[in-house]
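The sequence and the coordinates are displayed first, and the description comes after them.

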Amino acid sequence: MIGELSETRYWMYLLLLPSLLLITAVVLYPTIYGIQMSFREMRLNRPDLGTGFVGLKHYQRMLNDPIFWLSLRNTAVWVTFAIILEFLIGLIAALALHRNLPGSRIFAVMILLPFFLPNVVAGHMWSLMLDPRLGVINDLLLKAGLIDSYRAWFADPATAMAAAILVEAWKSFPFFTLLILAGLKGIPTDLYKAASIDGAGPVAQLRLITLPMIKTIIAAAVILRVIGLVNSPDLLLVLTSGGPGRSTMVLSLFAFQTAYRDFNFGYASALSVVMFILLMIFAWIYIRLSRINQE
Amino acid sequence: MPRSRLWDLLTYAVLVILSAVCILPILWTLLTSLKYEADIVTREMIYWPTRITFDHYVTLWNQSNYPVLVVNSLVVTTVTVAICLVTGTVASYAFARFRFPGRMPLMMGYLVVRMFPAVMMIIPLFVVMRQVGLLDSRVGLAIAYTSFLLPLFVWMMKGFFDAAPKELESAARIDGSTRLGAMVRIVMPIARNGVLATCIFVAIAAWNEFLFALMLTTSQGSRTWPVGLQLMVGEFQLPWGMLAAGGIISILPVIVLFALIQRAMVAGIAAGAVKG
Amino acid sequence: MATLELQGIRKSFGALEVLSSVDLELEDGGFLVLLGPSGCGKSTLLSIIAGLEEASAGDILVGGRRVNEVFPKDRNIAMVFQSYALYPTMDVARNIGFGLEMRKVPGPERVEKVRAAADLLQIGHLLDRKPAQLSGGQRQRVAMGRAIVRDPDLFLFDEPLSNLDAKLRVQMRTEIKRLHDRLGTTVVYVTHDQVEAMTLGTKVAVMKEGVIQQLADPQTIYDRPANMFVAGFIGSPAMNFLDGTVETEGGPALVLTGDGQRVALDRAPAGQGARVIAGIRPEHFTLGEGSPVRLTGRIEVLEPTGPDTMVVLSVAGREITARLPPRIGLAPGAMIDLGVDRSAITFFNPETGTAL
């Protein structure tokens, strides 16, 4: 009987088995397959080329591919500015919600909502609002005298990236709010009482108590968001498809389109492997640094 | 105390502004979906329409394949949640309750999997799924979703199991229950809200997912609504009103579910992320 | 009801050994207290008896039967946890009856037994409440009800009183003693509170770092501690330790290291010139000239407790505490002479800490 089995010392392995099998099938095997694919020729639209082993060909091509370098640079801009914005707005929202004034729960639902919306819908909402002819934001900015004519935000290489980052920040800042809020709940209120008796004002309390106490949680949130921002091209795919003129082309989007549009699976795999390695290196350095800071 | 009054005021100002920024795009989309096309495409922006219509919804529902897309999404979401629930609950229980050789590496493994770029998974999954005949199938897509949702489920659920005291199982086992019995009879009822919150979180993620679906589905029979909607925009120059209507229909269940179980879900996400 | 026997129980987590070769025997109906500071392995030992953890080596015998491979559900034991571990989703009646339910005891019989156990513990009126609606003391009673309802071979208690406030703790302690007298079930009771150990146990095992330091009845442990650890752990305020050298010439005496004070003894605990540590409990000091054995010290602090006054004084560079009568009219800074009940002095080997 399973009941009796559950009393044996192998029970936990039995509990883990189904998920391990599944993870092996849908993560481990494909990953190894994908890494292996990055050393092979694999173009779905050119079966004549076969699927032979081509060594480092894709990686060599990458080094000389200006789009790769541009995407890399764009990814850095995209991630850096999105993270800064999301963190700042997220922190402010969390601090405000944490004061637990009457009505906070309703505000929390509204403020956290964007994070749970689908990228496709979030993207189109903002396309609608930023539309060059019908966009309400153009109208508002014009009426406020901030611009003198309607702008095509996503069609202008000068503004496309910034606009996309704003949309991304709108959608994902609640993640920071959510985590920081959880961190704030863990700070004993006695600390604040003690600090205010010692004469520390709200700003000093924020700097001396709040931020140091939630440092770890912020570090965790940043790393998770960096992973998310680097890995998922969804929003950019909906908003700009990397345009205009590749001004919003990021690595993940480049890799996806290489596979989805050009059917060049070998090169796309090589791109994603490089992306993954860069991400791992970043994560490793980041964790190292944030640990050192703790001591 | 005038000073704390001032801070309260400032807090409310921040909350109102942020809520407005978060909600107004959704409300504007809702409003657009209810406007006549003539009131959307105008020279002078109409902020508050004098007349509303449900035509966009009716047209979208009757004259496009949107219902099929929604049904496909429902199937994919349900299957994803089911797989995660069955395999993930027991796995997270094992992680939460037992100390055994290999526990830390395995848990880290489940965490690192989250770092894998979607693209890196999608390409080989495409090839593998094609080989085993699961490409362009709803079950195949659901299985693909578990690659990133199952680890998430396990970590989130582990937090909820951690919150249920260990002594309860010890007590139940001494009272004559097996470990399995203790899990089913004692721990699961306590963690019920956690299970629900985790399932809803996974359901929302599966419902919203776009990239995997775009790559792994190719036909009507299995395409989900995000892909369908996106393709409609590209292929048919979907009018704004209908696009807005499609968006509203699709996010309605998300908003309802989120509002219902917001607190438990938020706690679970935070716990899963922080411990990770 | 049954006897309990542990033979060579060992437990290690990886390289960390938490229990090293524990042997003990407990007679049927006995009340064994496992006493020690946190981390001494007492709770692990209890878990091993319960079957919640596996011993790395050794045998557990309940009623003469080896139960190493018996699952906890089949060991016929009952346990009361520090956190009570009441099932939050079930009401009190079902909590108490859960063990019977698992053992497929028919409904009516179950109701009757639950009722009887609840009445015994005076919680009959709480049966349809949920644990969350109970006070700490009531939860404690429910946890005990859950244990006694099954009429087990062995009761295990894991620090059952440490979550209660001081007054309730004393009350429940009496209650547990009364229950044991009445039911006569064999009990193993884990605690770090020496008062609980002294009042409840028919046998006390003092543990430290996974080793039983002394296993004896409470009075023996108090009067004749096996080593300095046991001596210092039992008794409050703790036993005083003074370093000295034994002299046999001119009548046995102890010369205190530090100030050279000479304390006459009735017999020499060791040979001439041997270094020893003398352990004297606070209540073995008396004020005044009546005793031939004297210690002189300077008063540091006075702590009146009502019935007694604890006098902290410095003797030969050591701080010692004496329990003296109230209203003695002394002041800090004064030098006083204390009489010592020399028959009650315990001597220890300074190297090993064991009693001589």
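## Conventions

The model is predicted, with local features requiring pLDDT of at least 70 and side-chain atom pairs counting only at pLDDT 80 or more, while totals for chains, interfaces and linings use all residues. Residues are numbered from 1 along each chain as its sequence is written, chains are lettered from A and ligands numbered from 1 in the order in which they are written, and side-chain values use heavy atoms, leaving out hydrogens and water.

## Chain A against chain B

Chain A and chain B each give 94 residues to their contact, where contact means heavy atoms within 4.5 Å. About 8,500 Å² is buried between chain A and chain B, and carbon and sulfur atoms account for 79% of it; buried area is the accessible area (1.4 Å probe) that two parts lose on being put together, summed over both. On the side of chain A, the three residues A:Phe116, A:Leu128 and A:Leu134 supply 8% of the area buried against chain B, more than any other three residues.

Two salt bridges cross the interface of chain A and chain B, a salt bridge being a side-chain nitrogen of Lys or Arg within 4 Å of a carboxyl oxygen of Asp or Glu. B:Arg173 forms a salt bridge with A:Glu7, with 3.1 Å between the closest N and O atoms. Between chain A and chain B there are 17 residue pairs in polar contact, both residues being at pLDDT 80 or more. A polar contact is a pair of N or O atoms within 3.5 Å; within protein, one must be able to donate a hydrogen and the other to accept it, and residues adjacent in sequence count only if both atoms are side-chain atoms.

Helix H2 (residues 11–37) of chain A provides the largest share of the side that touches chain B, 18 residues. Helices (H or I, at least four residues) and strands (E, at least two) are DSSP runs, numbered from the N terminus. By class, that side of chain A has 72 nonpolar, 14 polar and eight charged residues. Here Ala, Val, Leu, Ile, Met, Phe, Trp, Tyr, Cys and Pro count as nonpolar, Asp, Glu, Lys and Arg as charged, and the others, Gly among them, as polar.

## Two domains in chain B

Chain B is assigned domain 1 (1–53) and domain 2 (57–273), with bounds that come from an automatic or database domain assignment. The C-alpha centres of domain 1 and domain 2 of chain B are 31 Å apart. Eight residues of domain 1 of chain B are in contact with nine residues of domain 2 of chain B. These two domains of chain B bury about 610 Å² between them, 79% of it from carbon and sulfur atoms. In domain 1 of chain B, B:Ile26, B:Ser33 and B:Glu37 lose the most area to domain 2, together 53% of what that side buries.

## Chain C

Chain C contains eight helices and 20 strands. The C-alpha trace of chain C spans about 80 × 45 × 35 Å along its principal axes. Of the 356 residues in chain C, 50% are buried, where buried means under 20% relative accessible area, exposed over 50%, and partly exposed in between (1.4 Å probe, protein chains only).

C:Asp151 lies in the loop between helix H4 (136–148) and strand E7 (154–158) of chain C. C:Asp151 counts as exposed because its relative accessibility is 59%.

## Salt bridges

Over all chains, the structure holds 30 salt bridges. Three of them are tabulated here.

| Salt bridge | Distance, N to O |
|---|---|
| A:Glu86 and A:Arg225 | 3.1 Å |
| C:Arg94 and C:Glu101 | 2.9 Å |
| C:Arg178 and C:Glu175 | 3.8 Å |

A:Glu86 belongs to helix H4 (residues 66–98) of chain A and A:Arg225 to helix H11 (residues 215–231) of chain A, so the pair ties together parts 139 residues apart in sequence. Both A:Glu86 and A:Arg225 are buried. C:Arg178 and C:Glu175 are separated by about one helical turn, because they are three residues apart in helix H5 (residues 166–183) of chain C. C:Glu175 is buried, with a relative accessible area of 10%, whereas C:Arg94 is partly exposed at 37% relative accessibility. A network of salt bridges links A:Glu4, C:Lys73 and C:Asp74.
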